Amino acid sequence: MTTARALPPTLLTHRRTAYRPRTAEGDGDLLASKFSGRPWLKADEAWPTCPNCNKPQQLFVQLNLATLPQPEQQRVGKSGLLQLFYCTSSDPLCEVECQAFFPFARSVMARRIDDPTGPTNLNASGPAEPFAPRRIESWEPIEDDVPGYEELYQMGHEISPEEEQALEEAERPATGDKLGGWPAWVQGVEYPNCPQCDAQMEVVLQIDSEDNLPYMFGDMGAGHLTCCPNHPDVLTFAWACY
Ligand SMILES: [Zn+2]
Ligand SMILES: [Zn+2]
C-alpha cells in the first residue's frame, strides 16, 4: 500500500470509492464471489463453451451481488450473480481469432443470473486446465479513486502539471483488480456503447493481468467488465494492453 500525499481538492471533486477484493486460495461455494472455480449453473445447463472452438470457457469471475458493498449494489443490483466466461484456448487461438480484446467478442460471455435458486449442475465439465480458484472474502475500500488524465480531459478538466504529478504519485486511478471506481485505462478511454440503446456502459469490475486471475491480457493489459445503465442484462468485457 502506498502512503501517497493527499490528492489536490480539484481532483478529489471527482472522487469515487472503489473496492479491492480480498481473496483466499480455493473455491467458495456455488454462489460465492470468486475468480475461477465452479460457477453456479442450472441443473440442465452445461458448462458454457466457446462457439469458436467448442471447448469449455474459463470462468474468469463470478460476483454474488448480495455480497457487494452497498453503494455498488445500488449501481449493479442487490441480488443475483454476474458471471464472466472467457475462452483461453491456444489452439485455435480464440482470443485473437475472435478479437476478444474488443467488447462483445464471440469467445467471451458476460451474463447476469437474476435468480440463482433451484436445482444446480454440480458436475458440469469445465476447461481441461482450469485456473486455480480464489474466493472473494471481502472488499476493501479505496476511498480516493479519481479519473486518469485522459478521462479528466474528456470531462472538460484541463489538468495542471501538479495534478498530473499527484495522480502519478498516488497511482490513481488505482490499478489491479477492483470493483467500481474509475477505470485505469491502458489505451485511453474505451467505454463500450450498449448495442441496444447506445448508452455509454458503466464499469463494474476491473481485472488486471496476473492479479487474482493467473492470466495476462496481452502485454500486462487490463480488462473491464461493463454493464449498460439502462439494460441490466447487457454486459460485456474488453481489455487493452501496452
Ligand atoms: Zn475458443
Ligand atoms: Zn442499453
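This is a predicted model: local features need pLDDT of at least 70, side-chain atom pairs count only at pLDDT 80 or more; totals for chains, interfaces and linings use all residues.

**Exercise 1.** Find the protein donors of the zinc ion (ligand 1) and describe the geometry of the site.

*Solution.* Step 1: look for the atoms that hold the ion. The donors are the SG atoms of C50, C53, C87 and C94, at 2.2 to 2.4 Å from the zinc ion (ligand 1).
Step 1: check the angles. Four donors count as tetrahedral if all angles lie between 85 and 135 degrees. Here the angles among the four donor atoms are 102 to 116 degrees, and the site is tetrahedral.
Step 2: decide whether they are buried or exposed. Buried means under 20% relative accessible area. C53 has 13%, so C53 is buried, and C87 has 2%, so C87 is buried too.

**Exercise 2.** Which residues are the protein donors of the zinc ion (ligand 2), and which parts of the chain does the pair C194 and C228 tie together?

*Solution.* Step 1: list the donors. They are C194 (SG), C197 (SG), C228 (SG) and H231 (ND1), lying 2.1 to 2.3 Å from the zinc ion (ligand 2).
Step 1: look at the geometry. This site is tetrahedral, with angles of 103 to 114 degrees among its four donor atoms.
Step 2: read the spacing, which is C-x2-C-x30-C-x2-H. C194 belongs to the loop between strand 7 (178–180) and strand 8 (202–208), and C228 to the loop between strand 9 and strand 10, so the pair ties together parts that are 34 residues apart in sequence. Both C194 and C228 are buried.

**Exercise 3.** Work out how strand 10 (235–240) is placed, and what follows this strand.

*Solution.* Step 1: find the partner. Strand 9 (residues 222–227) pairs with strand 10 in the antiparallel sense over six bridges; T226, for example, has T236 as its bridge partner.
Step 1: inspect the faces. In a regular strand, side chains alternate between the two faces of the sheet. L235, F237 and W239 on one side and T236, A238 and A240 on the other are all buried.
Step 2: conclude. Six of the six residues of strand 10 are buried, so this strand is largely enclosed by the rest of the structure.
Step 3: move on to Y242, in the segment after strand 10. Y242 is exposed, with a relative accessible area of 67%. Together with M216 and M220, Y242 forms a nonpolar surface patch of about 340 Å² of accessible area.

Key
Residues are numbered from 1 along each chain as its sequence is written. Chains are lettered from A and ligands numbered from 1 in the order in which they are written. Side-chain values use heavy atoms; hydrogens and water are left out. Patches are made of residues with over 30% relative accessible area and no salt bridge: like charges are joined within 9 Å, nonpolar side chains (Val, Leu, Ile, Met, Phe, Trp, Tyr) within 5 Å. Accessible areas come from the Shrake-Rupley method with a 1.4 Å probe; for residues, only the protein chains shown count as cover. A salt bridge is a side-chain nitrogen of Lys or Arg within 4 Å of a carboxyl oxygen of Asp or Glu. Helices (H or I, at least four residues) and strands (E, at least two) are DSSP runs, numbered from the N terminus. Buried means under 20% relative accessible area, exposed over 50%, partly exposed in between (1.4 Å probe, protein chains only). Two strands pair if DSSP finds at least two bridges between them. Donors are N, O and S atoms within 2.8 Å of the metal (3.2 Å for Na, K and Ca); water is not among the atoms, so sites may look incomplete. Four donors count as tetrahedral if all angles lie between 85 and 135 degrees; four count as square planar and six as octahedral if opposite donors are over 155 degrees apart and all others between 65 and 115; anything else is irregular.
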